Amino acid sequence: MTEFLVKRFVKNYQDTDDLQVRTAYGVLSSLVGICCNVLLFAAKVVIGMVMNSISVTADAFNNLSDAASSVISFVGVKMADKPADEEHPFGHGRMEYIAALIVSFLVIEVGFTFFKSSIGKLRTPETMNFDLVPFLILLLSVAVKLWMGMFNRKLGRRIDSKVLLATATDSLGDVVTTSVTILSILVYRFLGWNIDAVMGILVSLVVMWAGIGIARDTLEPLIGQAGDPELAARIRREVESYDGIVGTHDMILHSYGPGRTMASLHAEVPRDRNIEDSHEVIDQAEREVSRKLGVFLVIHMDPVEMKDEEVLECRQKLEAYLGDLNPELKFHDFRMVKGKHHTNLIFDVVVPYSYTEEMEQELKEKIQEHMKEIDSRYACVITVDKSYIGNSSGDS
């Protein structure tokens with residue numbers, strides 16, 4: 001069914017890097033969510049009235065909030081598709097995150113409302129009614145929500161969308177809440193125990209927790225989370241594949257919404273190579289990698305020594321020493337400036353975010369002491385950096 005809908009309603013569905021295709025995926029997900037959730041809401045409201053069940057009614061309005069969420073997601077996806085303008089030169093992609101944040105508040109509000117209702121019914125229990133047909137409809141709703149969860153998860157992974165993945169999580173949470181509701185009905189039917197209010201409380205707590213999870217996932221990119229390590233690794237591989245580029249470092253990724261990323265990095269080139277030749281390679285890499293990966297890439301050129309034996313040996317010893325101290329420590333921009341009485345070793349060291357200022361200062365002193373032991377003329381000029389990319393990137 002998923003593939004049928006995608007092929008039917010998403011033109012060029014395989015080109016998931018294209019922003020128009022991503023928008024079509026988001027619109028499809030929203031429309032399917034609206035239709036399914038409105039139908040489930042109507043069915044469960046009727047069932048809740050027939051059975052006099054607060055947990056079923058709570059679950060019904062949870063589906064209504066999901067339908068409202070799909071409407072907001074639809075509006076957010078369409079607004080995110082607006083082209084860049086003078087006020088927003090990087091486009092409106094973050095509207096998708098804002099829409100998801102609004103959705104999370106709606107979900108939390110619905111959960112809290114029915115938490116209060118369930119507390120009231122716990123104090124003054126009411127008799128429940130059992131009817132086979134409405135009960136079977138509840139089972140059908142579990143199957144529908146399970147399919148919706150898998151549908152949105154598949155689409156979300158295909159286009160790498162946090163909003164669709166959050167929607168999938170919400171749908172799978174609904175599977176749990178409706179299953180809990182079904183359990184309370186079965187317990188009442190066969191044991192005579194009215195645990196409807198207790199189940200209603202559990203359902204409302206699950207709903208609120210789902211809302212908090214969605215808010216957390218969408219706040220991170222709005223606040224400014226670390227760059228995607230997989231994208232960073234792809235950019236590095238592509239840039240370093242060009243003849244004349246021997247390494248990269250200092251990568252920064254800015255996300256302006258799904259599929260809208262600005263990247264900058266430093267590319268190392270041999271210092272003895274003609275500067276115009278190196279600049280031509282850098283320009284070529286910028287153009288081609290930007291087009292291939294769908295990012296706006298800016299590359300800064302750093303000349304590095306590739307032949308001086310003393311520089312290369314000193315760099316190797318520094319690398320070995322840092323590896324012994326902490327495998328997470330990296331360095332770059334290594335230069336040796338020889339003077340009459342001393343030699344400056346100028347470089348940047350990348351440290352984990354757990355390092356305090358005191359630890360950074362201690363690290364500088366250790367490095368200086370170690371390099372002095374190698375050659376008393378060495379004086380280290382060290383700048384401490386921290387990576388802007390996720391941990392798995394190996395950025396240095």
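Reply: Let us begin with handedness: a crossing is left-handed if the near helix is turned anticlockwise from the far one by less than a right angle, and right-handed if clockwise. In this predicted model, α4 passes α7 in a left-handed crossing.

Me: What else describes two packed helices?

Reply: In general, two packed helices are described by the angle between their axes and the distance between the axes. Here the axes of α4 (residues 95-123) and α7 (residues 196-223) come within 8 Å and cross at roughly 160°, and angles over 145 degrees count as roughly antiparallel, so α4 and α7 are roughly antiparallel to each other.

Me: How do α10 and α11 cross?

Reply: The axes of α10 and α11 come within 11 Å and cross at roughly 135°, which makes α10 oblique to α11, and the crossing in which α10 passes α11 is right-handed. Among the residues that meet there are C314, L318 and Y321 in α10, and L363, I367 and M371 in α11.

Me: Which residues of α11 are buried?

Reply: An α-helix has 3.6 residues a turn, so residues three or four places apart point the same way. In α11, which runs over residues 357-374, the buried residues are E360, L363, I367 and M371. They cover an arc of only 60° around the axis, which puts them on the same side of α11, whereas E358, E369 and E373 are exposed on the other side.

Me: What do the buried residues of α11 pack against?

Reply: Their partners are α10 (309-325) together with the strands β5 (343-350) and β6 (378-385).

Terms used: Residues are numbered from 1 along each chain as its sequence is written. This is a predicted model: local features need pLDDT of at least 70, side-chain atom pairs count only at pLDDT 80 or more; totals for chains, interfaces and linings use all residues. Side-chain values use heavy atoms; hydrogens and water are left out. Helices (H or I, at least four residues) and strands (E, at least two) are DSSP runs, numbered from the N terminus. The expected span of a helix is 1.5 Å times one less than its number of residues. Buried means under 20% relative accessible area, exposed over 50%, partly exposed in between (1.4 Å probe, protein chains only). The arc is that of the directions from the helix axis to the C-beta atoms. Contact means heavy atoms within 4.5 Å. Axes are lines fitted to C-alpha atoms, for helices over the stretch in contact, and angles run from 0 to 180 degrees between N-to-C directions. Angles under 35 degrees count as roughly parallel, over 145 as roughly antiparallel, 65 to 115 as roughly perpendicular and the rest as oblique.
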